[in-house]
Amino acid sequence: SQINEKKIGIPQIFKVNGVSFHKEVVDNLKENEELKLKKEPDNKYDSNAIKILNSNDEMIGYVPKKYKLNDTEFILNELVLKKYDKLTTKFKLLVHSIYKWDGPTGLEVRFQKINKQN
């Protein structure tokens, strides 16, 4: 029997965790707005925590810890930490889509490769 071991990549688009705690800031985001990642090693719940901030350094949420792709669950923030330098220099994190309804807001973000101009 062959075991198909796929290398798990970081999803290009993912939902942000904890946005309901930052509803006012999230409500003011625009699609394609550029966001920032910031490590939070002192987080008392998770030393792999990575905050997602808007351009004014206001908190909008976290890179999710658990992420499920098809039937595989993995620790997303650990993967992002391992590739943090590459992700923060070669990619932009952008607002992909915002879902507004009563209660918590859903927010998806995406990594987009930065095209270097020659």
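This is a predicted model: local features need pLDDT of at least 70, side-chain atom pairs count only at pLDDT 80 or more; totals for chains, interfaces and linings use all residues.
**View 1. Where β3 meets β4.** These two strands run antiparallel and are joined by 3 bridges. For a handy landmark, look for Lys 51, whose bridge partner in β4 is Tyr 62.

**View 2. Leu 37 in the largest nonpolar core.** This core holds 25 residues, and Leu 37, Ile 52 and Leu 107 have the most contacts inside it. At least two core residues come from each of α1 (23-27), β2 (34-39), β3 (50-53), α2 (76-82), α3 (84-90), β7 (91-99) and β8 (106-113). Beyond its neighbours within four places in sequence, Leu 37 touches residues including Ile 50, Ile 52, Val 63, Val 80, Leu 93 and Phe 111.

**View 3. A cluster of phenylalanine rings.** Ring pairs connect Phe 14, Phe 91 and Phe 111 into a cluster. Phe 14 and Phe 111 make a tilted pair, 5.9 Å centre to centre with 45 degrees between the planes. That pair links strand β1 to strand β8, with the two residues 97 apart in the chain. Phe 14 counts as buried because its relative accessibility is 1%, under the 20% cut-off; Phe 111, at 6%, is buried too. The rings of Phe 91 and Phe 111 have centres 6.4 Å apart and planes at 75 degrees, so this pair is edge-to-face. Since Phe 91 lies in strand β7 and Phe 111 in strand β8, the pair ties together parts 20 residues apart in sequence.

Conventions. Residues are numbered from 1 along each chain as its sequence is written. Side-chain values use heavy atoms; hydrogens and water are left out. A nonpolar core is a set of buried Ala, Val, Leu, Ile, Met, Phe, Trp, Tyr and Cys residues joined through side-chain atoms within 4.5 Å. Buried means under 20% relative accessible area, exposed over 50%, partly exposed in between (1.4 Å probe, protein chains only). Helices (H or I, at least four residues) and strands (E, at least two) are DSSP runs, numbered from the N terminus. Contact means heavy atoms within 4.5 Å. Two strands pair if DSSP finds at least two bridges between them. Rings of Phe, Tyr and Trp (its six-membered ring) pair if their centres lie within 6.5 Å; planes under 30 degrees apart count as stacked, over 60 as edge-to-face and the rest as tilted.
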